[in-house]
Amino acid sequence: MRPDLIELVTHKSNAHIDPTLHIWGWEIALYLFLGGLTAGLLVLPALLGRARKDKPLSPWLQWMPLVGLLFISLGMGALFLDLEHKRSVWRFYLALRPSSPMSWGAWILLAVYPAGLLLSLASLDVDRRARASRISWIGDPATRIAAWSAARVGTIRWFAVAVGAGLGLYTGLLLGTLGARLQWSTALLGPLFLTGGLSTGAAFMLLFPLDNEDAHTLLRWDLRAIAVELALIGLMVVGFASGDAPSRLAAEALLGGAWTASFWSLVVVLGLLVPLTMEALELRGRVRMSPVTPVLILIGGLALRAILLAAGQESGFRLLP
Amino acid sequence: MARKRWVMVVDTRQCVACKACVLACKAENDVPDGYCRDWVVEEVHGEYPILHAENRSERCNHCTRAPCVGACPTGASHFFDGRVVLVTHDKCTGCKACIASCPYDARFVHPEGYVDKCTFCMHRVQRGDEPACVSICPTGTLRFGDANDAQSEVAALLRTRTWKVNHPETGVEPNVFFLT
């Protein structure tokens, strides 16, 4: 608002638009979180499998890409709930519009399913592959697909990494390309949501009993992801605070404004700094690994998306002179 | 012949904020209760006793670089003849990306699920009439026409009067101009 404004009257009061935009609620926050988590459950098992060469992954990790498919299905369910014109949902798949991240995101979501399925089948060790083939109703095709996947495991891993990275990046760019919302007007949201997704994926996997080597590799990678996430958040805030008037308005929400307390306490301290410290101590063997750290990371990941989603909708050009 | 560029010119010196434009739009376009495609802003600023009042009839700006068209995943939001931005209701999924991308918050979700907004009354313009808001305005505040036609009234007004657009810093090149 211009500083010398005395009175501003308008009768405009469209639902969910005025006086403050509120078009996306918990459904989109959950979808963005589950999208990032699925990205982690595709990329990390693929990279872990590559790092371990011919040694099979921990049993739980072999199924993680399939668990990712459950999560992304849940996320797509939330996305569907958010659509206002549900009977036109199929229209997403009649167009591919390069200027719309939501459009190429819809197509990436389709690629997630073969990537997750093939990566999981390719990651199964011999015993589990035999067990999968004994499931009577898919027995023979499952055996054949598993054998086909195992023979192309290298290619499938890179395919899963590419699709997972695309999915994680897209969840950030979905917001980051909507320049009318000052809080989202930064290209850093793409890498931030991707890194956050990898971190929540690692945290989710660390909730399961893994062998020592896998657990330590995941811890090491997660530590780096959290450090990168903190750096990206720092860059985002500095970028906003040192920018033009719209950027400074975006910075205000996180530096003294309505979202300051929840952002810094839930996301930065509880969701990033505490887990960073705990994981560093766990890696050095000073603290026993516990589910507390991964749970904090998951809560922080959800909070990051929910807070940025809400803060972004509140920030618009109407607040400027 | 140059391509058409439909624009609206709002004379803030003539507007008395009677809101006839709002009612005409609601009646012409069957806009549901509680919603509006156009609205009036009454703004007073300055420091007493030096005050400045301005009334603006506002609507979708039909931006030349419309971010809503770029953000739409299905092509429902599109440019029509003369760079007018329209929404094909059947193609709209109600994902609301266009609403989030609009710096003017000019769109809303129609109770039937699709996204709705000002169309510059293209159904009337195509048969040679003015938009409903322009035709009803009792003070002649609102003018509509092809800015690429040098002989048109709007082109003359934009040549001879000082004007502004809302939030030029967005870079979207709006096509609703306010004479000051």
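Tutor: A nonpolar core is a set of buried Ala, Val, Leu, Ile, Met, Phe, Trp, Tyr and Cys residues joined through C-beta atoms within 7 Å. A residue is buried if 20 or more other C-beta atoms lie within 10 Å of its own, exposed if 12 or fewer, and partly exposed in between, with C-beta atoms placed from the backbone. The model is predicted, and local features need pLDDT of at least 70, side-chain atom pairs count only at pLDDT 80 or more, while totals for chains, interfaces and linings use all residues. Residues are numbered from 1 along each chain as its sequence is written, and chains are lettered from A and ligands numbered from 1 in the order in which they are written.

In the largest nonpolar core, which has 145 residues, A:Leu42, A:Leu44, A:Ala202 and A:Met205 touch the most other members. Helix H1 (residues 26–51) of chain A contributes the most to this core, namely 15 residues. Contact here requires C-beta atoms, placed from the backbone, within 7 Å. Leaving aside residues up to four places away in sequence, A:Leu42 touches several residues, including A:Pro65, A:Ala115, A:Leu119 and A:Val163. Of the 321 residues of chain A, 48% count as buried.

Turning to the overall build, chain A has 11 helices and 1 strand; helices (H or I, at least four residues) and strands (E, at least two) are DSSP runs, numbered from the N terminus. Along the sequence the pattern is β-α-α-α-α-α-α-α-α-α-α-α. The radius of gyration of chain A, 21 Å, is close to the 20 Å that the globule rule gives for 321 residues, so the chain is as compact as a globular protein of that length. That radius is taken over C-alpha atoms, and the rule is 2.2 Å times the number of residues to the power 0.38.

Chain A also meets chain B: 40 residues of chain A are in contact with 39 residues of chain B. Strand S1 (5–10) and helix H3 (101–123) of chain A are the elements that give two or more residues to this side, and S1(A) supplies the largest share, 6 residues. S1(A) pairs with strand S2 (residues 38–47) of chain B in the antiparallel sense over 5 bridges, where pairing requires that DSSP finds at least two bridges between two strands. Within this pairing, A:Val9 stands opposite B:Glu42 in S2(B).

Finally, the mean pLDDT of chain A is 91, pLDDT being the predictor's confidence in each residue, from 0 to 100.

Note on methods: Contact = placed C-beta atoms within 7 Å.
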